[in-house]
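Take a moment with the model below.

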Amino acid sequence: MQRPLWGLDLRVLGAVIVLTLVGLIANFSTSFAEGALASAHFYRQLIWVAAGLVIMVIVAAVEIRYIQLFASLAYGLGIVALLAVLVIGQTQMGAKRWINLGAFQLQPSEAVKITTLLGLARLISGYPREAGRAGLTFAALAMTIVPTFLILIEPDLGTALVFPMMMFCMLGWGGVPLWHLLLIALPVIAVITSWNLTLHALALLGLLVALFLASRRWLVIVIATVAFVALGAATPALWNHLHPYQQKRLLTFVNPEADPLGSAYQIIQSKIAVGSGGMTGKGFLSGTQTQLKFLPEGHTDFIFSAWGEQFGFLGSALVLLLFFTIFYQGIRLAARCHNPFHSLVAAGIVSLLTLQVLLNMFMTVGLLPVTGVPLPFISYGGSSLLTWMTMAGLLLGVSMRWREY
Amino acid sequence: MSPRLGTDAVRLWAFRIIGTLLFAMLGFRLFHLQVLHSEEYREKADSNRFRIIEIPAPRGAMRDRHNRLLVTNRPAYSCYGVPRELWRDKRSMELLEQILGFTEGFLPQELRPNRGTFAPVRIKRDLSFEELSKFEELRDLIPGAFLEMEQKRAYPDRLAPHAIGYVSEISKEELSRWPGLEMGDLVGKRGLERLHDAELRGRNGRRVSVVNAHGQEVGAVERLRRVEPIPGRELWLTLDLELQALAESLLVGKIGAIAAMDVRTGGILALASAPSYDPNIFAGRVNVSEWNVLLEDPSKPMLNRAVQTMYPPGSTIKMAMLLEGLESEAVTPEWSIHCPGHFTFGNRTFKCWRKGGHGRVSALTAIEASCDVYFYRLGLLIGVDGVHRAMSRFHLGRLTGIDQTSEAEGLAPSEAYYNKRYGPRGWTKGFILSIAIGQGEVLVTPVQMCAYAAAAADGKVWRQPHLVRAIYDPVTGKVATPPPPTDEPLNASAENIALIREGMRRVVWGESGTARGQRNQEVHIAGKTGTAQNAHGDDHAWFVGFAPVEDPIIATCVLVEFGEHGSSAAAPLSNLLMRRYVLAERGVEPGLALAGDSH
């Protein structure tokens, strides 16, 4: 306490700063593509980076005890913000995701990542260790389903998906029994394998064996079996509830050549951009895919492709290494924290970051469908950048206070 | 117990291992794309940004014997579209349809197969001025379309459409037969355009420009990659522009054909067929309705009657018959017959064209007065194979090999032919009577008859008619001569040849000549009239001739379908042509000479 900077993780700090620089360079190049900085999105990003650095420092300085105190409140405010979007939000391209604040547009679903994370950390850390963990799992599920659902109906499938994944990681880190996690994963596995009956049956079998070994409860086995089969059967109906563009994205992912104009076009052009970068890249502002606008969404979802085209494998590996540094250091930090809330916050941030980075980057290299998840610290967008700078501040704050109880 | 969470080593390592594996996977994937397969993706990126536009090579011109232009090119604008870009913006597609006058839904249908590609597709050739100005006005609304200047065929005097032929877009079937060509290329379809397509075509060039994702050109950065087109070679023809124009004007309102030939070389001076058509119909894009009108016209204006249509030659064949009779010594010049106006063979009576008969007729008078009875008798003496030999000597009923497409062969019947057609006992010697006077199954083309007249005029050699005298390469400046025509000696004695030529002279200058009306003192012509019996209507009129009699330089053949009499319908046209040509060769103004003596 006497020396709060003691333990400040310089590697994380360095990685964050370099990543925001990477983001600025990439944004400059995509902004430049639109004609001599005509769209000026680079300048806005510059402002947000500056604001973000300030916020990061402030957040890092705040005692985490206070944050813990207000975590539940923050969670509640997040839900209110999501409801507000649905009521007074701006509709753009068929989705209601933004609240207009005059000069800026706020995307609350980004900030809600923090509030939900804090809420979950508070819940899990505060749950009596002696009590059965079933109640904790149910409570975490309930806390997560609310924002997930509200974002899903905006609709914003990509962002919504991140929440249950984050919850899954945090519950895992928080120490719920393995069979709880297996049960949570069950619907996902049931839906994904429902296309093929053999696969479906094999997945069920494997899951049941694992569940039995982990829980030794017959009731769990029976419930799991019923739920698995029912979900498998209900998936076609579920499918019909998806938006046509979401269906298309998923179908396109299975067979990208089927629709070379739509979302497959984005994946194809992104792969071309990344692949054509080669070992050392085409050079700053010399990426043809980026500069000639063959790369769609070059400053948001596919900004990594723009980077990869210009700076090649070496540049891509650098970004990968920076994110990996945060992941590695973050997990280490979470593991040595004395305070469970601190530990869960760190683990949550690292999980969320890693999830988003992987979802985005796997998409740009054609290994995942176009989900619309931005790349932390790098993609254009104030809401996303400020959210991640806050996260970085939290992580750094935790790193300075890992000895606190 | 420590209150810390997550120190459970299993969980810590589970997080670490799973996370590290996922990062490693990503790294591997990046290595795969950016290092192992980067070349492949670099090519794809290049094919995105480089637009390759063909620069069509100017097609070779065609010139007449004095190097005056018959066919040339002039600039025309084509509209191209980038399928992906147009497809993405349905409204621009509709707008383009309106500008170019397509029906709604035409473009989506045309572009559907290529809708994902950036490679431009030619949407319409040869835009009209109105279409061009509308396009220029609205081009900002249609970023996926652009104009390219190309060349189209131009015919300054619209002459000789049949001989020249035409070009149009390559068909699928031709595409598979001719390597190195692409969809949308223009190729010769008929006539000289077809025969000399490879020389005329040249080689297309290429222009490479850089385009953005909207298909807009952002610069022709790749100057080095530009490949200049190689212009096609020129065809230098033997045609005489003025004579061709005269021949065509003489046939206006008629159905028929004219061929004129340089006696000394075999070069075709004029080759006309009527009814005719305006070659400009094919110059740019083919107007479907005009094309259908041409195809469905019962008088078949697309047909080159001079080369592609066969007719019985009528009395014009008689010189060939007489020459065979003399050469085979079946008759002598002095041998004579009595013509009472008819000839009885077996139980049938064959008429002479002159009811009252010709009286005593020998070789010269038989030609001069065109006595049929003389040739009935002569035919019986030389036999069917004699008729065949007589015709073959002059390439009648045989392909001449003229440099034109779809030449008709005709028919020079022989005993073998009749045996095959009717069986060995199915025909009688009586058949010979009609073919000996050029009726019945004998079939020839006007160009064959022209070469026949030229051979008679020359006296020594049958010359293969041809239209191309040289092929000029504008790149190297070299003039190549086509393979020499296959000329053949006539194998006839000079006296016999002199006799039939004298007969032809007397057709015009003798007191009972059938073309006495064509006498003029400036240019002495010789020839032979003919009337081909026609089962479908009035007889066809023939005239074959040459001029000047003293030293022939031009031979002509005129055929007028349903013209009835060679002497009135065909001979005057022939006379006009030959007189005009000979006078022009002598340097005399032909217009003045014409006025004086038209009988």
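This is a predicted model: local features need pLDDT of at least 70, side-chain atom pairs count only at pLDDT 80 or more; totals for chains, interfaces and linings use all residues.

Strand E11 of chain B covers residues 256–262. Six bridges join E11(B) to E12(B), and the two run antiparallel. They belong to an open sheet of five strands in chain B. Its order is E12-E11-E23-E22-E21, with antiparallel pairing. At the edges sit strand E12 (268–274) and strand E21 (526–532) of chain B, each pairing on one side only. On average, neighbouring strands of this sheet are turned by 5 degrees against each other, direction ignored.

Two helices of chain B pack on this sheet. Helix H20 (residues 494–509) touches E21 and strand E22 (540–547) of chain B. The direction of H20(B) makes about 75 degrees with that of E21(B). Helix H21 (residues 566–586) of chain B touches E11, E12, E21, E22 and strand E23 (554–560). The direction of H21(B) makes about 30 degrees with that of E22(B).

Next, look at where the chains meet. Here 56 residues of chain A are in contact with 41 residues of chain B. The two chains bury about 4,300 Å² between them, 72% of it on carbon and sulfur atoms. Between chain A and chain B there are zero salt bridges, but nine residue pairs are in polar contact. Helices H6, H11, H12, H13 and H14 of chain A each supply at least two residues of the side that touches chain B. H13(A) gives the most, with 15 residues. By class, this side of chain A has 32 nonpolar, 18 polar and six charged residues.

Methods
Residues are numbered from 1 along each chain as its sequence is written. Chains are lettered from A and ligands numbered from 1 in the order in which they are written. Side-chain values use heavy atoms; hydrogens and water are left out. Contact means heavy atoms within 4.5 Å. Buried area is the accessible area (1.4 Å probe) that two parts lose on being put together, summed over both. A salt bridge is a side-chain nitrogen of Lys or Arg within 4 Å of a carboxyl oxygen of Asp or Glu. A polar contact is a pair of N or O atoms within 3.5 Å; within protein, one must be able to donate a hydrogen and the other to accept it, and residues adjacent in sequence count only if both atoms are side-chain atoms. Helices (H or I, at least four residues) and strands (E, at least two) are DSSP runs, numbered from the N terminus. Ala, Val, Leu, Ile, Met, Phe, Trp, Tyr, Cys and Pro count as nonpolar, Asp, Glu, Lys and Arg as charged, and the others, Gly among them, as polar. Two strands pair if DSSP finds at least two bridges between them. Axes are lines fitted to C-alpha atoms, for helices over the stretch in contact, and angles run from 0 to 180 degrees between N-to-C directions.
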